[in-house]
Amino acid sequence: MIYQVYPRSFRDSNGDGIGDLRGVIEGLPYLSSLGIDAIWLSPFYKTPNKDGGYDVADPRDVDPMFGTVKDAEDLITSAHDAGLRVIFDIVPNHFSSEHIWFQKALNSLPGSSERARFHFFDGRGVDGNEPPNNWNSLFNGPSWSRVIEADGKPGQWYLHLFDSSQPDLNWDNPEVHEDFIKTLRFWLDRGVDGFRIDVAHGLAKDEILKDHRDPAGLTQALRLDLPGMSKEVRAGLLSDVPFFDREGVHAIYKDWRKVIDEYDGDRMTVAEAFVYPSSRQTRYVRPGELHQIFNFDFLATDWEASALREAAERSITEMNEIGASPTWALDNHDSPRLVSRVKDPAKARAFALFSQALPGSQYIYQGEELGLIDGELSPSDRQDPAFIRSGGADIGRDGARVPLPWKADEKYFGFSNGGSWLPQMDSYKNYAMDVEEKDPASFLNLYRSSLALRKQHAGLGGDSGITWHEAPEGILYFSRAAGFVLLANTTDKSIEITLPKPAMILLQSQGGASLTGSVVTVPANTTLWLQQ
Ligand code: NOJ
C-alpha cells in the first residue's frame, strides 16, 4: 500500500503557502496512522516549477521552495523510523530548460556536444521555418520550439513532448545515461527505497524525423478524458505512437536494475508508462527490468461491474504471466479525484474497497483517504501548462492538486499558517482530517479499517490468487485465500445473494448490509468484505 505525497500540497511548515519536506516530516504520524507501507513523493528537486516540479533543473538538489538535501535525508530517516519506506520520483524523459545542460546547449553551436544531449534539429521549409516533424506536445501545440542562435537569427528547433520548458533528453547519448545513474546512486546512497519513473515509456526515440500519419488524432487519443473517439480508433492510434514504447527503453532499465540490485534492502522501481495494448506493460517488468508498472485502467473505468471485472482480470492475468505484482490506482495528481469523477461518495467508497481487495499493490493519492473532491478554480488560479497551452480548452490537473485540509477551524485548514498556492474551497472544511477522525462513518475511518484488515487478513494484500464467481448482473463476486469473500453491488438497487456457506461481514463500504446465515443483502452501490 503506497501513499502518494504531492509535496507542494501536503503540508507547509514555513508559512509560504507551499507544502515542503519539513511539512511531510511533520505529517509522518498521520501517514503512519493510516496503515500504509510506503510513501512516494512527487518531485521536490530544483525547478522553475512550470510543470509542478516535473521540470527538473537539478535532480541532485532540492528546490529551496521544498527545503534542502538535508531535509530529504531527514525525511528518509524519520520515515524509516516510523516504519515507512520512501520512494522518490525520477524524471528521465526531459530536464527543465533551466538545467545547466540546456543553458549550455542554447549558448553552443548546432552540432556541438552540448546540443547532442537534447534533440536539436534544423527546421523544414523555407529558411527552416517549420518544425522538423509534425508531432504535437502532450500539453497541446507543436512539440518543437525554435531557438535564437548566437547571430541573433532564428535557428534550430528542439523537441519537447511536454511544455517548451521541458526539453527532451537524447538517450542515444551515453552522457545522459551516466548522469541518471549518478542521480540514482545519489539518492540510493541516502537511503531511498525506490523510484517512480516518470514517462518511463518515452525515453527512446528511434524515428525522430518521421511524421506521424495523424497527429491531431493522436493528440486526441492521448487525452483519455475526451469523448467522441471510438475504442477501436483510439486503440489503433495508441498502439503506434512514434515517441513511446520503443525497444530502446528496455536496455536503459536493465542497466538501472543492476544499479538498484547493488544496494541492500528491498529497493524497487515503478514505471509510469502508458503503453498499448496493455499486454505490452509486461515488457517493463520482465526479470532483470523494473519491479512494477502503474495500471491506470481504473482511472478511466466507471463503477460498472462488467467493465471492472474485465479490467481487473486482464491486469491480474498479464502480470501473473510474468511473475510481477499487479498495481491499482483510483486517482493521482494527473487525474480528477475519485469522488469527483464518479460523482457519488457511496460509489467511491465501494470502488475503493473493491480495488483494495485485489491482489497486488494499491497506490493511494493524498486526500483520497478523505474522500476529497477536486477544487473548483478560476482560470486565473490555474497553473497547469496543459491548461495554459490549450488556452483553457483542456481544464488541466490543478483541481486535484489543491492543498489538503488538516484542521477544520484553522486558517487554510491547517495546511499552512500563511497561505495556499491554490485556493481551498470552503467545503474542504468538511473533509478535514480532524473532522473525519471523529466520525466513525468517515472516509478516513473506512480507509483505516480497510488498510488494517489488508495487513491482518491472510487472504488480502500480497499476490495470492483470486477466484471469480458467477453473480447476477451488476454484482462483483470473488473469493481469495483464508475464506475472504468480496461482494460488490454496482447497481442502484439493493440485492439479496445466497452464498454457498454461512459468512460474516468484516467490513462494508457503507451501512445497511445484513446477513442471516448465508443470505446477504448488499445495498445499492456497496462493497462488502466477508469472512466465510
Ligand atoms: C507525468 C507526470 O505525472 C505529470 O504530472 C507530468 O506533467 C508529466 N509526466 C511530464 O513530466
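Predicted model: local features only at pLDDT ≥ 70, side-chain atom pairs only at ≥ 80, totals over all residues.

Colleague: How many residues surround the ligand, and how many of the shell are charged?

Modeller: Among the closest residues are Asp51, Asp198 and Arg397, and the whole set around the ligand has 13 residues. By class, this shell holds 4 nonpolar and 2 polar residues. The charged ones number 7.

Colleague: What distance separates an oxygen atom of the ligand from an N or O atom in the side chain of aspartate 334?

Modeller: For arginine 196, an N or O atom of the side chain is 3.0 Å from a ligand oxygen. For aspartate 198, a polar side-chain atom lies 2.7 Å from an oxygen atom of the ligand. For aspartate 334, the distance is 2.5 Å.

Colleague: What share of the ligand's accessible area does the protein cover?

Modeller: On its own, the ligand has 290 Å² of accessible area. Of this, the protein covers 97%.

Colleague: Which domains does the assignment give, and what separates the centres of domain 2 and domain 3?

Modeller: Domain 1 is made of two stretches, 2–89 and 175–451. Domain 2 spans 100–159, and domain 3 spans 464–531. Taken over C-alpha atoms, the centres of domain 2 and domain 3 are separated by 58 Å.

Colleague: Is asparagine 445 buried or exposed?

Modeller: Asparagine 445 sits in helix α14, residues 443–456. Beyond its neighbours within four places in sequence, asparagine 445 contacts Glu436, Glu437, Asp439 and Pro440. Its relative accessibility is 17%, and the cut-off is under 20%, so asparagine 445 counts as buried.

Colleague: Where is proline 277, and what is the peptide bond from tyrosine 276 to proline 277?

Modeller: Proline 277 lies in the loop between β10 (268–271) and β11 (292–293). Most peptide bonds are trans. From tyrosine 276 to proline 277, however, omega is near -10 degrees, and the bond is cis.

Colleague: What is phi of valine 199, and is valine 199 buried or exposed?

Modeller: Valine 199 is in the loop between β9 (194–197) and α6 (215–222). Most residues other than glycine have a negative phi. Valine 199 has a positive phi near 45 degrees, and with 4% relative accessibility valine 199 is buried.

Key
Residues numbered from 1 in each chain as written. Heavy atoms only, no water. Near = heavy atom within 4 Å. Polar contact = N/O pair within 3.5 Å; in protein donor to acceptor, adjacent residues only side chain to side chain. Areas by Shrake-Rupley, 256 points an atom, 1.4 Å probe, with all protein chains shown as cover. Nonpolar A, V, L, I, M, F, W, Y, C, P; charged D, E, K, R; others polar. Helix = DSSP H or I, 4+ residues; strand = E, 2+ residues; numbered from the N terminus. Buried < 20%, exposed > 50% of the residue type's maximum accessible area, 1.4 Å probe, protein only. Contact = heavy atoms within 4.5 Å. Domains from an automatic or database assignment.
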